[in-house]
Amino acid sequence: MIAEKILGECSENESDRRRRFNPRSIILTEIQIVPSVFASAIDEIDRLDPRAFSGRVAGLNGLLIEATGPSEALVVGERATIEGARSTRAEIVGFKGSRALLLPFDAVDSIRPGARVLFDGATPTTRPCDAWLGRVIDAFGDPVDGKGPLPQGLHARPVRAPPPAAHGRGRVGSRLDLGVRALNIFAAVCRGQRMGIFAGSGVGKSVLLSMLSRGAEADVIVIGLIGERGREVREFIEDTLGEAGRRRAVVVVATSDEPAARRRLAAEQACAVAEHFRDEGKDVLLLLDSVTRYAMAGREIGLAAGEPPTTKGYTPSVFADLPRLLERAGPGPVGSPGSITGLFTVLVDGDDHNEPIADAVRGILDGHIVMERAIAERGRYPAINVLKSISRLMPMCHSARENELVGEAKRLLSSYADMEELIRIGAYRAGADAILDRAIAQRPAIEAVLSQGRDESSRIDDAFAMLEGALQT
């Protein structure tokens with residue numbers, strides 16, 4: 001019946017056909033009650049542009065491709081495909097006169113002068129669903145774990161979505177049990193909160209992420225491995241994350257050898273997957289490792305597009321993209337039970353916690369967790385400096401008694417830290433300071449509370465029971 005009506009429309013004159021031909025009206029006439037799946041499909045059909053745009057490769061400078069094309073097709077952020085021996089996917093990142101500047105997602109060794117460029121003319125989207133749990137995908141949402149095709153969800157969502165409006169977003173929820181004693185006690189996190197994990201290389205960030213992915217009380221874990229070493233990806237998934245962690249996790253991977261455009265896209269893909277499960281009413285834990293490598297990818301893209309370098313060579317667009325990415329985590333819309341609790345690692349350059357990216361991220365997030373090399377060298381893991389770690393929402397997370405215990409433990413740890421050098425060289429005499437004497441006596445018990453094995457998980461109530469016992473020793 002629908003086909004007959006369409007053919008009937010085609011027999012009319014051109015002006016009448018243009019005026020009356022409307023696939024949406026025909027479908028809605030024939031189907032009186034349209035299920036949500038059909039409504040979604042019809043909306044996508046309405047957004048399709050029947051025109052196909054193409055252009056030609058006009059130049060290649062490093063990894064930046066110049067292409068000609070009609071102005072209607074040249075929109076920053078949209079995709080293009082360059083034909084050749086192997087098709088090369090690319091993204092429009094800027095303009096040079098009337099030419100588009102494209103950054104490739106794939107290798108450029110098959111591109112030739114004058115090659116045809118097909119402009120997709122559509123916003124990049126992804127279609128997550130529950131079948132993605134336990135799978136490993138790349139920046140485009142394609143499977144890379146060798147487990148066969150990846151089922152696609154019914155609803156497409158933009159990969160590069162804007163953060164929710166501040167006035168339409170709910171408030172953070174109740175306390176989230178992370179399964180790590182040092183964090184549950186000294187840097188507690190609420191559902192929908194965003195925290196940074198600041199650490200140098202080799203201090204134990206990946207191990208801490210694996211502890212969080214196995215021990216946190218979240219419905220879904222989304223892990224973004226951005227710029228990770230290729231050798232370590234499989235080790236992290238199979239050994240560090242483990243089968244128990246993978247069952248409720250979606251892992252998005254873009255290794256360090258992949259183009260900058262893919263590394264940046266992988267972080268946005270991880271956020272889009274987390275947003276899908278949040279909108280389904282689930283509590284999502286988003287672990288992104290690392291924001292620094294995301295910023296480095298943005299720096300490569302900005303410099304290639306001709307942006308002026310600023311502090312440490314980072315371009316202005318990097319500092320504009322950081323809040324857009326980090327603000328995507330958080331509570332869902334008002335009235336929605338779902339949330340995204342974001343933990344973003346920051347690889348501090350040379351253990352400098354005041355370098356540009358660390359400083360910018362610290363100002364955006366709701367707190368920071370500091371990991372120190374000196375603590376790791378003493379053999380205490382996770383190597384979290386609880387005196388330098390801050391959760392801006394922690395007072396509202398704990399009860400009055402729990403806050404009292406935290407304050408007492410911090411006073412003892414701070415007193416010991418102030419006099420640590422004198423204690424080590426034997427210059428301090430017992431009895432000179434009663435608080436310091438107590439700090440020295442109880443430090444081993446408090447250190448035992450902060451120490452935790454990689455495969456050990458500790459609930460919040462058990463952690464505070466251990467702390468209270470340590471303070472009464």
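Which elements do the buried residues of H14 pack against? The tour starts there, after some notes on the model.

This is a predicted model, in which local features need pLDDT of at least 70 and side-chain atom pairs count only at pLDDT 80 or more, while totals for chains, interfaces and linings use all residues. Residues are numbered from 1 along each chain as its sequence is written, and side-chain values use heavy atoms, with hydrogens and water left out.

**Whole chain**

Show the protein chain as a cartoon: it has 17 helices and 19 strands. Helices (H or I, at least four residues) and strands (E, at least two) are DSSP runs, numbered from the N terminus. Of the 473 residues, 49% count as buried; buried means under 20% relative accessible area, exposed over 50% and partly exposed in between, with a 1.4 Å probe and protein chains only. Among contacts (heavy atoms within 4.5 Å) between residues at least 6 apart in sequence, 71% join residues at least 24 apart.

**Stop 1: helix H14**

Select residues 400-418, which form H14. The helix has 19 residues and reaches 27 Å from its first C-alpha to its last, close to the 27 Å expected at 1.5 Å a residue; the expected span is 1.5 Å times one less than the number of residues. Colour Glu402, Leu405, Val406, Glu408, Ala409, Leu412, Leu413, Ser415 and Tyr416, which are buried. The buried residues of H14 pack against strand E10 (175-176), helix H5 (181-186), helix H13 (394-397), helix H15 (420-424), H16 and H17.

**Stop 2**

Two packed helices are described by the angle between their axes and the distance between the axes. Axes here are lines fitted to C-alpha atoms, for helices over the stretch in contact, and angles run from 0 to 180 degrees between N-to-C directions.

For reference, angles under 35 degrees count as roughly parallel, over 145 as roughly antiparallel, 65 to 115 as roughly perpendicular and the rest as oblique. The crossing of H14 and H17 is left-handed; a crossing is left-handed if the near helix is turned anticlockwise from the far one by less than a right angle, and right-handed if clockwise. Show side chains for Arg401, Glu402, Leu405, Val406, Glu408, Ala409 and Leu412 in H14, which meet Phe464, Leu467, Glu468 and Leu471 in H17. The residues of this contact divide into seven nonpolar, no polar and four charged. In this count Ala, Val, Leu, Ile, Met, Phe, Trp, Tyr, Cys and Pro are nonpolar, Asp, Glu, Lys and Arg are charged, and the others, Gly among them, are polar.

Glu408, Leu412, Leu413, Ser415 and Tyr416 of H14 make the contact with Ile435, Leu436, Arg438, Ala439, Ile440, Gln442, Arg443 and Ile446 of H16. Here the residues divide into eight nonpolar, two polar and three charged.

**Stop 3**

Select H9 (residues 291-304) and H10 (residues 316-326), whose axes come within 10 Å and cross at roughly 140°. That makes H9 oblique to H10, and the crossing is right-handed. Val291, Tyr294, Ala295, Gly298 and Arg299 in H9 meet Val318, Asp321, Leu322, Leu325 and Leu326 in H10.

In the loop between H9 and H10, pick Lys312. Lys312 has a positive phi of about 55° although it is not a glycine, and at 44% relative accessibility it counts as partly exposed.

Step back to Ser290, in the loop between strand E15 (283-289) and H9. The peptide bond from Asp289 to Ser290 is cis, with omega near 10°.

**Stop 4: Phe105**

Finish at Phe105, in the loop between strand E5 (99-104) and strand E6 (116-119). Is Phe105 buried or exposed? Phe105 is buried, with a relative accessible area of 1%. Leaving aside neighbours within four places in sequence, Phe105 is in contact with Arg79, Arg89, Ala90, Glu91, Phe140, Pro259, Ala261, Arg262 and Leu265. The C-alpha atoms of Phe105 and Arg262 are separated by 5.6 Å, with the two residues 157 apart along the chain.
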